[in-house]
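Please examine the sequence and the structure shown below.

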Number of protein chains: 2
Amino acid sequence: MDTFDKTALNRVRRLPERGRYDRETIYAIVDEGLICHVAFVDGDQPFVIPTIHGRLGDEIVLHGARASRLMKHIAAGNAVAIAVTLVDGLVLARSVFHSSMNYRSAVLFGHGRLIEEGAEKLAALEAVSEHLARGRWADARLPTPKELDATLVVGVPIDSASAKVRTGPPGDDEEDYALPIWAGVLPFQMQAQAPLADPRLREGIDAPDYVKHYVR
Amino acid sequence: MDTFDKTALNRVRRLPERGRYDRETIYAIVDEGLICHVAFVDGDQPFVIPTIHGRLGDEIVLHGARASRLMKHIAAGNAVAIAVTLVDGLVLARSVFHSSMNYRSAVLFGHGRLIEEGAEKLAALEAVSEHLARGRWADARLPTPKELDATLVVGVPIDSASAKVRTGPPGDDEEDYALPIWAGVLPFQMQAQAPLADPRLREGIDAPDYVKHYVR
């Protein structure tokens, strides 16, 4: 199945023409976003926490300390909503009313599960690491059994999801196009800067290509 | 009061040394972030939606269409959690275990209210507009009574909040500093690109300075 069913959970209500339900669009956003925001309910209270993530097929994987409230909550099988949002630009219409943003956002719904088995746990950690910096896993010092034990890894199989995408120039009211007001798009880009070597870096170690030429 | 009380709601549980409770730190993050993520509960189900925001003193202001579920939910006085997150860089430690991100994140808690009175509603819309592009409000065509009527504006007075901040180089285990692995920080920056004029822009209108020299 290449698209998610449109249900009460994931239906894009406002501006439904911006809604997308296909995995290709949704997962491209999930994979490009550096971080996600995880929402959960404790009692009646909503919480939202930013965290790093990885994706393995139809599952989002997350990790944290064994003592983390978020991780324990997800590991216990509770419902979560996960948002990944990419801001592409300001849309400056002539009217305030039609001003907007260009963006690509995905919201995913599922219930958590604990990932405990050794090989699966390591694969999930590798997915998170490679999500942030592809190539790093092969270079870095991998987790020891003690470190693995201190880490809680959870998965959220994606039950439902949708994306919302806006692109292109502003859309003003027809009579406003005659106004002497500048209009257009101010694009934004998340850009990697020059890497800063650790002050304690051993001499003669160059930054690897996946750091020097980082792209998302 | 310049700091928020530390309570069960806002206490930074993991890595408490990264926690901040002062308004100055928290509001600087809120004001720099282009967007926020709003979490709310409908039934038992958590939802999270990205949206643009403004801040007026100790209140977050948001707007949307009158039909928006999120806006109606907030206007009805329900509890929300709002996150604003700035990603400053990848922290590449020699070990996967100590790898991290440099970030500044704020999470705010409150209950919504409808902002209906004309002058207050307009001030809130101005705050959102100026939050995105300072100077735009004075240039753009302001909302008509009909547009105002189609827009729902809500406020979330901030009852509780905290921030979490990580900066600086990786912190590896002492014995790992001898490893022949590059370590350091890859800084990220959200950068405005060259403005793209609307294809239907009238001739002879230059992009204003707040667009050409956009800074956050």
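In this predicted model, Leu15(B) is found in the segment before β1 of chain B, where helices (H or I, at least four residues) and strands (E, at least two) are DSSP runs, numbered from the N terminus. The model is a predicted one, in which local features need pLDDT of at least 70, side-chain atom pairs count only at pLDDT 80 or more, and totals for chains, interfaces and linings use all residues. Residues are numbered from 1 along each chain as its sequence is written, while chains are lettered from A and ligands numbered from 1 in the order in which they are written.

**Leu15 in the two chains**

- Leu15(B) has a positive phi of about 50° although it is not a glycine.
- Leu15(B) counts as exposed, with 12 C-beta neighbours inside 10 Å. A residue is buried if 20 or more other C-beta atoms lie within 10 Å of its own, exposed if 12 or fewer, and partly exposed in between, with C-beta atoms placed from the backbone.
- In chain A, Leu15(A) lies in the segment before β1 (19–20).
- The phi of Leu15(A) is positive, at about 50°, although Leu15(A) is not a glycine.
- Leu15(A) is exposed, with 12 other C-beta atoms within 10 Å.

**Chain A as a whole**

- Chain A contains 6 helices and 12 strands.
- Along the principal axes, the C-alpha atoms of chain A fill a box of roughly 65 × 50 × 35 Å.
- Chain A has 216 residues, of which 44% count as buried.
- Among the contacts in chain A with a separation of 6 or more, 72% are between residues 24 or more positions apart. Two residues are in contact if their C-beta atoms, placed from the backbone, lie within 7 Å.

**An open sheet in chain A**

- An open sheet of chain A is formed by 4 strands in the order β4-β5-β9-β8, and the pairing is antiparallel. Two strands pair if DSSP finds at least two bridges between them.
- β4 (54–56) and β8 (113–114) of chain A stand at the edges, each with a single partner strand, so one side of each is left without a neighbour in the sheet.
- Strand β5 (residues 59–65) of chain A pairs with β4(A) in the antiparallel sense over 3 bridges.
- Within this pairing, Leu56(A) stands opposite Glu59(A) in β5(A).

**Two helices of chain B**

- Helix α1 (residues 23–32) of chain B has Ile26(B), Ile29(B) and Val30(B) as buried residues.
- These residues cover an arc of only 100° around the axis, which puts them on the same side of α1(B). The arc is that of the directions from the helix axis to the C-beta atoms.
- The buried residues of α1(B) pack against β1 (19–20), β4 (54–56), β6 (79–92), β7 (100–111) and β10 (160–166) of chain B.
- Helix α3 (residues 118–132) of chain B has 15 residues, which should span 21 Å at 1.5 Å a residue; its end C-alpha atoms are 22 Å apart, which agrees. The expected span of a helix is 1.5 Å times one less than its number of residues.
- Buried residues of α3(B) include Lys121(B), Ala124(B), Leu125(B) and His131(B).

**Where the chains meet**

- The contact takes 80 residues from chain A and 80 residues from chain B.
- Strand β11 (residues 184–192) of chain A gives the most to the side of chain A that touches chain B, with 9 residues.
- That side of chain A divides into 53 nonpolar, 13 polar and 14 charged residues. Here Ala, Val, Leu, Ile, Met, Phe, Trp, Tyr, Cys and Pro count as nonpolar, Asp, Glu, Lys and Arg as charged, and the others, Gly among them, as polar.
- β11(A) is joined by 2 bridges to strand β12 (residues 196–197) of chain B, and the two run antiparallel.
- Val185(A) has Leu196(B) as its bridge partner in β12(B).
- Phe97(B), in the loop between β6 and β7 of chain B, touches Pro143(A) and Glu147(A), not counting residues up to four places away in sequence.
- Phe97(B) is buried, with 21 other C-beta atoms within 10 Å.

- The same surface serves both copies, as 100% of the contact residues of chain A recur in chain B.
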